Amino acid sequence: MRFANPVHVFNNYYRDNEYGVASTCKGGVLVENNHFDNVDEPTLVGYAGSAAGTLVQRGNLFTGSGSPQASGTVAGIPYSYSLESASAVKGSVTAGAGAGKILP
C-alpha cells in the first residue's frame with residue numbers, strides 16, 4: 001500500500017504467503033483482526049526498496065508466522081464498523097471464498 005492514509009485492512013485471512021500487508025511511501029495502514037497463517041512477514045513497514053510508511057496492527061492472530069512490524073500512527077478511520085474476532089476469521093473467509101460460493 002502506498003501514499004493513502006488511512007487504509008483499513010480488517011477481517012482477512014492470509015495463508016502461506018511471503019508477506020501479508022506492507023505500508024510504503026508515506027502510506028498509513030491500520031491492520032486489524034486479521035488471521036495470518038504461515039506468513040513469513042505478516043506486516044511490513046517498507047518493502048522491496050520502497051520508502052517506509054506507517055502501520056498500526058492490533059487484534060491480529062499469527063499462527064506459524066513471523067514477527068509483525070509496526071511503526072508510527074495512522075489517521076482515524078472515518079466510518080463506523082464491526083470487527084469479527086481474529087480467531088473466527090479463518091472459518092468465515094474459507095466458508096465464503098472460492099468459485100461457486102455466494103454469501104447471503
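**A loop residue and its surroundings**

Mentor: Start with Asn33. Not counting residues up to four places away in sequence, Asn33 touches Asn11, Asn12, Arg58, Gly59, Asn60, Leu83, Glu84, Ser85, Ala86 and Val89. Touching here means contact, with heavy atoms within 4.5 Å. Before going on, note that this is a predicted model, in which local features need pLDDT of at least 70 and side-chain atom pairs count only at pLDDT 80 or more, while totals for chains, interfaces and linings use all residues. Residues are numbered from 1 along each chain as its sequence is written, and side-chain values use heavy atoms, with hydrogens and water left out.

Where does Asn33 sit? Its place is the loop between E4 and E5. Such names follow DSSP runs: helices (H or I) have at least four residues, strands (E) at least two, and both are numbered from the N terminus. Asn33 is buried, at a relative accessible area of 12%. The scale is simple: buried is under 20% relative accessible area, exposed is over 50%, and partly exposed lies in between (1.4 Å probe, protein chains only).

Now take Arg58, one of the contacts of Asn33. The side chains of Arg58 and Glu32 meet in a salt bridge, at 2.9 Å from N to O. This pair joins distant parts of the chain: Glu32 is in strand E4, Arg58 in strand E7, and they are 26 residues apart. Glu32 counts as buried at 5% relative accessibility. Arg58 counts as partly exposed at 42%. The term has a cut-off: a side-chain nitrogen of Lys or Arg must lie within 4 Å of a carboxyl oxygen of Asp or Glu. In general, side chains of opposite charge can pair when their charged atoms come close.

The structure holds three salt bridges. Arg15 forms one with Asp16, and their closest N and O atoms are 3.4 Å apart. Asp37 and Lys90 form another, at 3.9 Å between the closest N and O atoms. Asp37 is buried, with a relative accessible area of 15%. Lys90 is partly exposed, at 36%.

Next, the strands. E1, E4 and E7 form an open sheet in the order E1-E4-E7, with parallel pairing. Its edge strands are E1 (7-10) and E7 (54-58), and each pairs on one side only. On average, neighbouring strands of this sheet are turned by 15° against each other, direction ignored. For that angle, axes are lines fitted to C-alpha atoms, for helices over the stretch in contact, and angles run from 0 to 180 degrees between N-to-C directions. Two strands pair if DSSP finds at least two bridges between them. E1 and E4 (residues 28-32) pair in the parallel sense over four bridges. His8, for example, has Leu30 in E4 as its bridge partner.

Leaving aside neighbours within four places in sequence, Tyr14 is in contact with Val9, Gly20, Val21, Asn34, His35, Phe36, Asp37 and Val39.

Phe36 brings in the aromatic rings. Rings of Phe, Tyr and Trp (its six-membered ring) pair if their centres lie within 6.5 Å; planes under 30 degrees apart count as stacked, over 60 as edge-to-face, and the rest as tilted. By this rule there are five aromatic pairs. One of them is stacked: Phe36 and Phe62, at 5.4 Å centre to centre and 10° between the planes. Phe36 lies in strand E5 (residues 35-37) and Phe62 in strand E8 (residues 61-63), 26 residues apart, and so distant parts of the chain are linked. Phe36 is buried, at 0% relative accessible area. Phe62 is partly exposed, at 27%. Tyr79 and Tyr81 have ring centres 5.9 Å apart and planes at 65°, so their pair is edge-to-face. Tyr79 is partly exposed at 40%, and Tyr81 is partly exposed at 30%. Together with Phe10, Tyr79 and Tyr81 form one aromatic cluster.
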